[in-house]
Amino acid sequence: MDTARLNRFISGLWDDEIVPQLVEYIRIPNKSPMFDPKWVEHGYMDAAVKLMETWARSKLSSLPGATLEVVRLEGRTPLIYIEVPGSGDDTVVLYGHLDKQPEMTGWAEGLGPWTPVLKGDKLYGRGGADDGYAIFGSLAALLALHEQGVPHARCVVLIEACEESGSYDLPYYVDHLADRIGNPSLVVCLDSGCGNYDQLWLTTSLRGMTGGELTVQVLEEGVHSGDASGVVPSSFRILRELLSRLEDPQTGTIEPKELYVDIPPQRIEQARKSAEVLGTAVYDKFPFVEGMHPVTEDLTELVLNRTWRPQLAVTGADGLPPLESAGNVLRPKTALKLSLRVPPTLSGAKAGQFVKQLLEKDPPYGAKVTFKLEKDGSGWNAPQLSPWLEEAVANASQTYFGAPAAYMGEGGSIPFMGMLGEKFPKAQFLITGVLGPHSNAHGPNEFLHIPTGKKVSMVVADVVAHHYAQGAKG
Ligand SMILES: [Zn+2]
């Protein structure tokens, strides 16, 4: 394979077509169904599917025999299914998603979730990096191989539209398409993170997550706080007390031992190494306010906290009026949206049930306490890396980044990887992504680092070619 030619082809395709496509894609507010329950009516999801479908179809003639279908199961978000025939008996699955996180506040002047802005190497806007580029990057890789006649295994590209809601539709598609997908020996996922933009980062684990709405109701309606305080227990205070069952308010440590696993020694060693490579970038990639410091100064502990330990985020609230209309009222109820990340090898469903029981049992003062479970995605821990993949990854990082590959667990969740890991225990995984320092997926000022998008596409091409070559060798 001519790597310089591969580089030229992929860079050119990104500049001429992929970046302009992503600019249009960012304009579409196709929020994941959990954040846009009327997504069918709004039609944004269909618009995003149409954009990707149109571009992908225009490329099929360069991939002989390739087919594309937008699969729509009744009452579910759509899925783009592309099959590219290849040589040999093996299958590669390339996965990505096209639904987006909601807007979030705090975008800088001139930027916005649905306003694409190109600044230097970066394309700002929601969903470019998470994970709109995946279908383009995956097809760019396959097109580059075909352009110079490099053989690869049969490839199946799956782009779902429900990932940011916990992929609750995806298992139905995987069952529906099981015969067509086959038995992949390599899974490529471009929805993950990178510790920096200087080398290839392979994701070795993902956390699972559970969460939902915790509501505490104490009154049928709000009353004068001067009249009631000291008599009626505050729903806010009860909520605080309930949260303390889960989390130590002083340290943020999750208390119940049921929510922990034993961390594999190899992962502790990898955490130590990535802490060494990254240094204080482990925490100063976050936009701390002046004077603020992280949970601990121990970098390895920080890496382990974000990759192998349970941690809680409160992501929304209800029952609280906005500040400008807050009167002196003892409010009838307070509700919080809880998002709990759980260790890679803990069952998300079991963790969710455990948390529900923990929060709902023995409600203080007999208050009405409900925890409505919303998501229960399990995490994922990479199987032992095959020597061929380890070598392919090392070479690809040197060739396209000019630096050695690095391995790290990610704190985020990609529910599909857990599903695939269980279904195909023999498959190897290439999980990587462009979500590096300050790229801020899910927050304001999300950007796609274009040079990294290009390099990751090149790495995929290279690894998919090696996957076939080592299989052909036997
Ligand atoms: Zn994503």
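Strand E9 (residues 208–217) pairs with E14 in the antiparallel sense, over nine bridges. This pairing belongs to a predicted model.

- The open sheet has four strands, in the order E11-E13-E9-E14. Their pairing is antiparallel.
- Strand E11 (311–318) and strand E14 (368–377) are at the edges. Each has a single partner strand, so one side of each lacks a neighbour in the sheet.
- On average, neighbouring strands of this sheet are turned by 20 degrees against each other, direction ignored.

**The helix on the sheet**
- Helix H12 (residues 348–360) packs on the sheet. Helix H12 touches E9, strand E13 (333–342) and E14.
- The direction of H12 makes about 170 degrees with that of E14.

**The nonpolar cores**
- The largest nonpolar core holds 74 residues. Trp-14, Leu-22, Ile-80, Ile-82 and Leu-98 touch the most other members.
- Helix H4 (residues 128–147) gives the most to this core, with 12 residues.
- Ile-80 has contacts beyond its neighbours within four places in sequence. They are Val-49, Met-52, Leu-68, Glu-69, Leu-98, Ile-135, Val-157, Leu-158 and Ile-159.
- A second core is separate and has 43 residues, including Tyr-124, Leu-278, Ala-351 and Leu-359.

Definitions and conventions. Residues are numbered from 1 along each chain as its sequence is written. This is a predicted model: local features need pLDDT of at least 70, side-chain atom pairs count only at pLDDT 80 or more; totals for chains, interfaces and linings use all residues. Side-chain values use heavy atoms; hydrogens and water are left out. A nonpolar core is a set of buried Ala, Val, Leu, Ile, Met, Phe, Trp, Tyr and Cys residues joined through side-chain atoms within 4.5 Å. Buried means under 20% relative accessible area, exposed over 50%, partly exposed in between (1.4 Å probe, protein chains only). Helices (H or I, at least four residues) and strands (E, at least two) are DSSP runs, numbered from the N terminus. Contact means heavy atoms within 4.5 Å. Two strands pair if DSSP finds at least two bridges between them. Axes are lines fitted to C-alpha atoms, for helices over the stretch in contact, and angles run from 0 to 180 degrees between N-to-C directions.
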